[in-house]
Amino acid sequence: MTRHTFEGFIAGMGTAEGTRLVVGHWPTSPLGSFTDVMVERPDGQRLLLAPSMEVAEFVTATYSFDDVVLTPVTCDIAGAPTIGPAQTWTVEAGPLRLAFTTGSRTGLGWLLRAIPRPIATAPAFCRFTDLPARVVGLRTAGTAGHGRREYYGAHDVHDLTSLVASWTGTDLGDLRPVTPPVRFGFGSTPARPSVTSVVTTVDTPDTPGAPRTPAA
């Protein structure tokens, strides 16, 4: 297996219109710094908004979508490059315009902060926490497409407090929980709108033709 490590943030949110959004912002990854957006529309259509073919190929080999839109994706964060309260994140990606504001650290966030980061983000620890995480509808370890294994090592969580979003110019309405759960891979984002600091580890099999990232 070849190991690929992505360090960044995952923000999950629902809208009154019914669209659910998962924003991945990855300052450090084998693919360089990038942002992508996974979208599930009210009718169940699953879309990936990706900034390059390279990103799209890696993500679609791990998750499932009905369509992929290659488009510039920008993410501007007002404040420090770590999660904090009262930060405004602005995302533009093809048909999507999105701005959301962070709130206070959640109870889970405080618990994660008490665990040393090297432990919280280690794949072995993610395997250990996967079973209890399932009780609240989450996954921290599992199998993905093409024989891949994936681990989510979260180390902080903050609530989202507000949202302004539109799709092809149509307002998506107020912030709502991510319900029903999104259907991109073996795990979902929490129902509670939030942004998580995370190290995502993806192990890919070393077999001919297996999708792989270039060397970092």
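The model is predicted, so local features need pLDDT of at least 70 and side-chain atom pairs count only at pLDDT 80 or more, while totals for chains, interfaces and linings use all residues. Residues are numbered from 1 along each chain as its sequence is written, and side-chain values use heavy atoms, with hydrogens and water left out.

- Leaving aside neighbours within four places in sequence, Val37 is in contact (heavy atoms within 4.5 Å) with Val22, Val23, Leu47, Leu48, Leu49, Val73, Val91, Ala93 and Leu96.

**Salt bridges**

- The structure holds nine salt bridges, each being a side-chain nitrogen of Lys or Arg within 4 Å of a carboxyl oxygen of Asp or Glu.
- Arg41 forms a salt bridge with Glu17, with the closest N and O atoms 3.4 Å apart; the pair links distant parts of the chain, 24 residues apart, from the loop between E3 and E4 to the loop between E1 and E2.
- In this pair Arg41 is buried at 16% relative accessible area, whereas Glu17 is partly exposed at 32%; buried means under 20%, exposed over 50% and partly exposed in between, with a 1.4 Å probe and protein chains only.
- Arg46 pairs with Asp66 in a salt bridge whose closest N and O atoms are 3.3 Å apart; Arg46 lies in strand E4 and Asp66 in the loop between helix H1 (53–60) and strand E5 (67–70), so parts 20 residues apart in sequence are tied together.
- Arg46 is buried at 15%, and Asp66 is partly exposed at 47%.
- Asp159 and Arg192 meet through their side chains in a salt bridge of 2.7 Å, N to O; Asp159 lies in strand E10 and Arg192 in the loop between strand E12 (175–176) and strand E13 (194–204), so the pair ties together parts 33 residues apart in sequence.
- Asp159 is buried at 15%, while Arg192 is partly exposed at 49%.
- A network of salt bridges links Arg20, Glu40 and Arg183.

Technical notes:
Helix = DSSP H or I, 4+ residues; strand = E, 2+ residues; numbered from the N terminus.
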